[in-house]
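Thanks for coming. I have one structure to go through today, and I will take it a piece at a time. Please have a look at it first.

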Amino acid sequence: MQEEFEEHAEKVNTLKALPSNEDLLILYGLYKQAKFGNVDTSRPGMFSMKERAKWDAWKAVEGKSSEEAMNDYITKVKQLLEDAASSA
């Protein structure tokens, strides 16, 4: 599964159109959970909006196993690739 995960992490960079911010945050949270496990830092301050949103996305998937996060990440990338293909 690790190889497939890494492959899809590369495939997401081939999308012609940038995914929505919501999709990017979902991908970020799942990627971090798969690679590093649960959040181990404190939440960024209110003036660091971008970092705070990324932290919140990672925190939202806290508790998922690495394998479960990888599987969800792969599924999300496949969905984005299919959406891109159907709109082309």
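Predicted model: local features only at pLDDT ≥ 70, side-chain atom pairs only at ≥ 80, totals over all residues.

Setting aside neighbours within four places in sequence, Lys-32 is in contact with Gly-37 and Trp-58. Lys-32 itself lies in helix H2.

The mean pLDDT of the chain is 95, and 100% of the residues reach 70 or more. Confidence is highest in H2, at 98, and lowest in helix H4, residues 66–87, at a mean of 95.

Back to the lysine. Is Lys-32 buried or exposed? Lys-32 is buried, and yet has no salt bridge. The nearest side chain of opposite charge belongs to Asp-40, and that is 7.5 Å away. A salt bridge here would need a distance within 4 Å.

Which residues of H3 are buried? They are Trp-55, Ala-57 and Trp-58. These three sit on the same side of H3, because they cover an arc of only 160° around the axis. On the other side of H3, Met-49 and Ala-60 are exposed. What do the buried residues of H3 pack against? They pack against helix H2, residues 21–36.

Last, the length of H3. The helix has 12 residues, 49–60, so at 1.5 Å a residue it should span 16 Å. Its end C-alpha atoms are 16 Å apart, which agrees.

To recap: Lys-32 is buried without a salt bridge, and the buried residues of H3 pack against H2. That is what I have for today.

Notes
Residues numbered from 1 in each chain as written. Heavy atoms only, no water. Helix = DSSP H or I, 4+ residues; strand = E, 2+ residues; numbered from the N terminus. Expected span 1.5 Å × (residues − 1). Buried < 20%, exposed > 50% of the residue type's maximum accessible area, 1.4 Å probe, protein only. Arc of directions from axis to C-beta. Contact = heavy atoms within 4.5 Å. pLDDT = per-residue confidence, 0-100. Lys, Arg positive; Asp, Glu negative; His and termini not counted.
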